[in-house]
Amino acid sequence: MATLTQTIKEKTAVVNHENVSGSEAVVQSLLAEGVDLIFGYPGGAIMPVYDALYQNGKKINHILTRHEQGAIHAAEAFAKISGKPGVVFATSGPGATNLVTGLSNAKIDSTPLVCVTGQVTSNLLGFDAFQETDMIGISMPVTKWAYQITKAEDIPEAFAKAFYIASSGRPGPVLLDITKDALLQTIESFKYEKVRRISGYYPYPKTDMEKIREAANLINNAKKPLILAGQGITISGAEKELEAFANKTGIPVASTLFGLTAFPSKHPLFVGMLGMHGNYAPNIKTNEADIIIAIGMRFDDRVTGDTSKYAIKAQVIHIDIDAAEIDKNIKTKVAIVSDAKKALEKLYSLVEKNNYEDWLNEFKELAKTEIDVIISPNIHPQSESLKMAEVVHLVSELTKGDPIIVTDVGQHQMMAARYYKFMKPNSIITSGGLGTMGFGLPAAIGAKFASKNRDVILFVGDGGFQMTIQELATAWHYKIPIKIVLLNNNFLGMVRQWQQLFFDKRYACTTMHNPDFVKIAEGFGLKAAKVDERKDLKNALSEMLASDTAYLLVVEVEKEGNVFPMVPSGAAVSDMILKP
Amino acid sequence: MKEKLYTLIIVTENNIGLLNHISGVFTRRHINIRSLTASESKIKNVYTFTIVIKMTNDLVRKVAKQLEKIIGVFKVFVYNDNEIIHQELALYKLPISAIQSGINLEKIVRSHNARVLDIKDEYILIEKTGHKEDTQKLLKELEPFGVLQFIRSGRVAMAKPMKPLDDHLKEKEEAYDYF
């Protein structure tokens, strides 16, 4: 039983130092993990760590955001694009509590983070000391792991565990809360060993071949099969395996919001996005499919609508690395608890070559309906005012799928997901499960740090933009050339849409009397412009795209535009509506 | 689906905060914990939480999976009452006057297989182990004496199948890869 209660350490990556302070140990641990970028905000309890950072010169780059929430959202986007855990520093008390929204967002969207918070001296714990909050208690439900360090000697092992837990299995955020005395203590010998196994933690389930055979058998006998691709594909790097699997079996592929770049959007088998504001065909056809192969997705309620009327004719094969997702929302016929890539590789050799031309044509017919009724009128509108869809469409045409698209939350988010043609893996950063307004701007900054060679374009609404607007200062300070398209309708648009549809147009508290965004951006040192006429849109966008510094383009759009099609809240996916 | 009584045996590391994490899985779903006992196991540094809850079979399976996801939790067993041997312990404090009350206290204690733990000038302390119904029944019979204090522990339970914990944990370890 020796292996049960001890952490196995990797002997290959050992770093040794003598007589180092706890705070120096923090910095050395980060260096040992290859961290070269931190987003954070200093304060009393974490000051010793900042001092150690200062003394280590330029080895680690620290980005001072203007709010801790900005730091954590930036780190989330950095993690998603770089594939490495994002690292965040914050001080105790309010600094730490300002991370909670980001932790929750990262947990539900499976984003690897290592957040380091300062804490009051250990002998003051529980005494309501200045800037003390029970950060472990607060963060436990919204982290994958939260651990308090009260002794300097525990720092290296806690960090090694933190990085391993954050990035292995189903990734997620980890919080290390370090008391100030632990930061100030001296360790005689600092030794850093990476961890590859932790007692009581089981990140990689072995793929059960019996289940693979059962699944292959179902797939080989399917008449109307449908693949639902989620973020698990992206996280496990199984994009090629998914494409090979789809090509061989001829099965149509629909994606979740986070699965949008798991499969090429121009592929003939791609039938669109699932969910409340997804595409018409995959939603309707979900209830006609006889076999559903869900890969790395969790049947979120925004995808399923009413679960009692979901996949009503289908036997469901669910592939997910997280056993707790199996049968959580949708009952499965065959559950494959596995990394997506491994499962797809094994499944590939057992499935037969096939094609489902008639079935695929049914999708095309519905897609044509959606194009005629919704897409065309939205991207080539007759109306005087600009529509969000045409702006996204034009950006898509001008950029050809090359940049990373970041969104905030709301109507513009759904429009970006619907109308941008994603051509490359790892091209969308958004807040999915938590729907965190204010995510967009800091996330765009974080994404740009992870991707020097790709443009980063942020679509944001007037509501969410003002929730973290102070991060314009971060973009200016560090000269981050993000392109911001502010789709301004002077409304909290998504809430207003629901008020229109389900609350008889009682627009309670959704009207926004907005400031002059151009002046604000200019005040923060950004280039900025505003466009409100169709004839000027292309030039305005081109000018923004050509800018080599941060740029805000405010696009005044139709005030009461709606996102359609829509699965009304609580309805079945097959009851998706094309208009109000 | 009908709600039933389930006993969850959660095998864990001995970590600060695990109890908080475990109880969070229940509070988040608005599930009331009926009883909770934490104890060492026969394996060093391996602990067990025994939790009794009333819920549907569907929900208890989901909750068990969420519990197994917690880092530091080795395994979660879900049992219904006929799969386990379980016990609770109850203590009853009576005024010393109970001895002279005219009712035969000795007979009650004997018939319930209870025992006297302590006698002082002012009180007499009785102990009984058994199922909840049994300890409850004794409480009812002792009521005429004027019970000063009553307390019952959480349930402790052992599964009937003859499979050692070590084997369960080994099986679990072997079902996973580690890189």
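Which residues point one way from strand 21 of chain A, which point the other way, and are they buried or exposed? The points below take this up first; the model is a predicted one.

1. **Strand 21 of chain A.** A:Tyr551, A:Leu553 and A:Val555 point one way. A:Leu552, A:Val554 and A:Glu556 point the other way. All are buried.

2. **Partners of strand 21.** Strand 21 of chain A pairs in the parallel sense with strand 19 of chain A, over six bridges. Within that pairing, A:Val555 has A:Leu487 opposite. Strand 20 of chain A also runs parallel to strand 21 of chain A, and five bridges join the two. Here A:Lys530 stands opposite A:Val554.

3. A:Ile405 has A:Ile428 of strand 17 of chain A as its bridge partner.

4. **Another parallel sheet in chain A.** The order 12-11-10-13-14-15 describes an open sheet of six strands in chain A, with parallel pairing. Strand 12 (270–273) and strand 15 (334–337) of chain A are the edge strands, each pairing on one side only. On average, neighbouring strands are turned by 15° against each other, direction ignored. Strand 14 (residues 315–320) of chain A pairs with strand 15 of chain A over four bridges, in the parallel sense. A:His318 stands opposite A:Ala335 of strand 15 of chain A. Helix 14 (residues 340–350) of chain A lies across strand 13 (291–295), strand 14 and strand 15 of chain A. Helix 14 of chain A runs at about 125° to strand 14 of chain A.

5. **A helix with buried residues.** Helix 5 (residues 100–108) of chain A has A:Gly102, A:Leu103, A:Ser104, A:Asn105 and A:Ala106 buried. Their cover includes helix 3 (68–82), strand 5 (113–119), helix 6 (135–139) and strand 7 (173–179) of chain A. A:Ser110 follows helix 5 of chain A and has a positive phi, near 55°.

6. **A salt bridge between chains.** Over all chains, a search of the whole structure finds 37 salt bridges. In one, B:Glu173 meets A:Arg197, with the closest N and O atoms 2.8 Å apart. The pair crosses from helix 5 (residues 165–174) of chain B to strand 8 (residues 186–197) of chain A. B:Glu173 is buried at 12% relative accessible area. A:Arg197 is buried as well, at 17%.

7. **Salt bridges within chain A.** A:Arg496 and A:Glu560 form a salt bridge, with the closest N and O atoms 4.0 Å apart. A:Arg496 lies in helix 21 (residues 493–502) of chain A and A:Glu560 in the segment after strand 21 of chain A, so the pair ties together parts 64 residues apart in sequence. A:Arg496 is buried, at 0%, whereas A:Glu560 is partly exposed, at 37%. A:Lys535 and A:Asp536 also meet in a salt bridge, at 3.4 Å from N to O. A:Lys535 is exposed, at 63%, and A:Asp536 is partly exposed, at 32%.

8. **A charged network and a nonpolar patch.** Salt bridges link A:Arg170, A:Asp322, A:Glu325, A:Lys328 and B:Lys69 in a network. On chain B, B:Ile99, B:Val116 and B:Ile119 make a nonpolar surface patch of about 260 Å². B:Val116 belongs to strand 6 (residues 115–119) of chain B. B:Val116 is partly exposed, at 40% relative accessibility.

Conventions: Residues numbered from 1 in each chain as written. Chains lettered and ligands numbered in written order. Predicted model: local features only at pLDDT ≥ 70, side-chain atom pairs only at ≥ 80, totals over all residues. Heavy atoms only, no water. Patch = residues over 30% accessible without salt bridge, like charges linked within 9 Å, V, L, I, M, F, W, Y side chains within 5 Å. Areas by Shrake-Rupley, 256 points an atom, 1.4 Å probe, with all protein chains shown as cover. Salt bridge = Lys/Arg side-chain N within 4 Å of Asp/Glu carboxyl O. Buried < 20%, exposed > 50% of the residue type's maximum accessible area, 1.4 Å probe, protein only. Pairing = 2+ DSSP bridges. Contact = heavy atoms within 4.5 Å. Axes fitted to C-alpha atoms, helices over the stretch in contact; angles between N-to-C directions.
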